[in-house]
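Me: Got a model open here and want to go through the fold with you. Can you take a look?

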Amino acid sequence: MEKAFYHDALRLMLDSRYFEEKTEELFKAGLIHGTTHLANGQEASQAGLCLALDKEDWIVPTHRCHGFTVCKGSDPFAMFSEMFGSSHGLAKGLGGSMHMPDKAHCNLGSSAVVGSGVPLAVGIAWYFKRSGINNASVAIFGDGATSRGSVHESMNLSSVWKLPVLFFCENNLYGMSASSSDMISIKRISDRAASYSMPGVTVDGNNVLEVYEACKKALSHIKEGNGPYFIEALTYRTKGHSKSDRRLYRTAEEEAFWAQKDPILNFETFLLGEGLFTEEEIRNIEKERKEYINECAERALSMASDRLTPEEAMAFVYAGEEA
Ligand SMILES: Cc1ncc(C[n+]2csc(CCOP(=O)(O)OP(=O)(O)O)c2C)c(N)n1
């Protein structure tokens, strides 16, 4: 692997982490309203997946969408703007934290309805197959979503029709306060793939290289016309489910255990251990990315009062598909 690849992997994970840290700060300062779902701790699964995708492969993320959106290439300025409700946002300020579609970066955006993006990803895959386009679509969802009928129906139909879709399950061990071990009848969610005649693997979702390799393999399988593939990335969200969650349902020991599995720290230790980067290079990349994300946030904040007028908003909502 080239040094540039490792650099990209670190850069994407740092951008995602700093984006979440800044978002939390802005919420606490009362500058962003509504709610938000942070994905601190899940950066390896976001970066590993997006590094493996071609530019024209589509993703359909979940309510916890910031990291995937950053890693797929969206401009953090437009993402912060979206959360400020400004017209410079990805949905011109009408969507907020959970709704960040970005057609230019092949990201359909997400919905607050758990599991609802999965059939949409299957729809994109169906379009690809019918049109003879050799791209994949990725349905991203959490462990909680795997108990929803829409996920099972999507897996079944895409397998029957051999559609180019990657089912990417981020198992962060909880659906709100419900532990996946209490809510899901099997130990490895990826075992469900067998019921729908598709390959299913579980990977260390805190190891960016492992996620990347698994996604590369899955995407080759998919693009060779073999139908869907299922990846379960085992990870942990270090923050609460949403901003009001005090995490009373889990222990300090559990959180400490996962803190030492931090995907960024572990990747940096790997880069240093292999002699791929020096300590100074890593600190410089961290500094550069933090400054970049903070600058995007500040610029978005300085223009936060630019809003669509009610007439513009209506015209945008009811615009044709080219809008
Ligand atoms: C259909 C539906 N049911 C319930 C909710 C409330 N809800 C929001 S997020 C969430 C947990 C989802 O857990 P998971 O799919 O594991 O994703 P995570 O939040 O862990 O990323 C629930 C139950 C919802 N938004 N939609």
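Me: How do β2 and β3 pair, and over how many bridges?
Reply: This is a predicted model. In it, β2 (residues 137-142) and β3 (residues 165-171) run parallel to each other, with six bridges between them.

Me: Which residue in β3 is the bridge partner of F141?
Reply: C169.

Me: And which helix packs on the sheet there, touching β1, β2 and β3?
Reply: Helix α5, residues 117-131, packs against those strands. The angle between the α5 direction and that of β2 is about 170 degrees.

Me: OK, back out to the sheet. What's the strand order?
Reply: β1-β2-β3-β7-β6, an open sheet of five strands with parallel pairing.

Me: Which strands stand at the edges?
Reply: β1 (58-60) and β6 (200-204). Each has a single partner strand, so one side of each has no neighbour in the sheet.

Me: What does the twist average?
Reply: From one strand to the next, 20 degrees on average.

Me: Which strands does α8 lie across?
Reply: Helix α8 (residues 208-226) lies across β3, β6 and β7. Its direction is at about 170 degrees to β7, which spans 229-234.

Methods
Residues are numbered from 1 along each chain as its sequence is written. This is a predicted model: local features need pLDDT of at least 70, side-chain atom pairs count only at pLDDT 80 or more; totals for chains, interfaces and linings use all residues. Two strands pair if DSSP finds at least two bridges between them. Helices (H or I, at least four residues) and strands (E, at least two) are DSSP runs, numbered from the N terminus. Axes are lines fitted to C-alpha atoms, for helices over the stretch in contact, and angles run from 0 to 180 degrees between N-to-C directions. Two residues are in contact if their C-beta atoms, placed from the backbone, lie within 7 Å.
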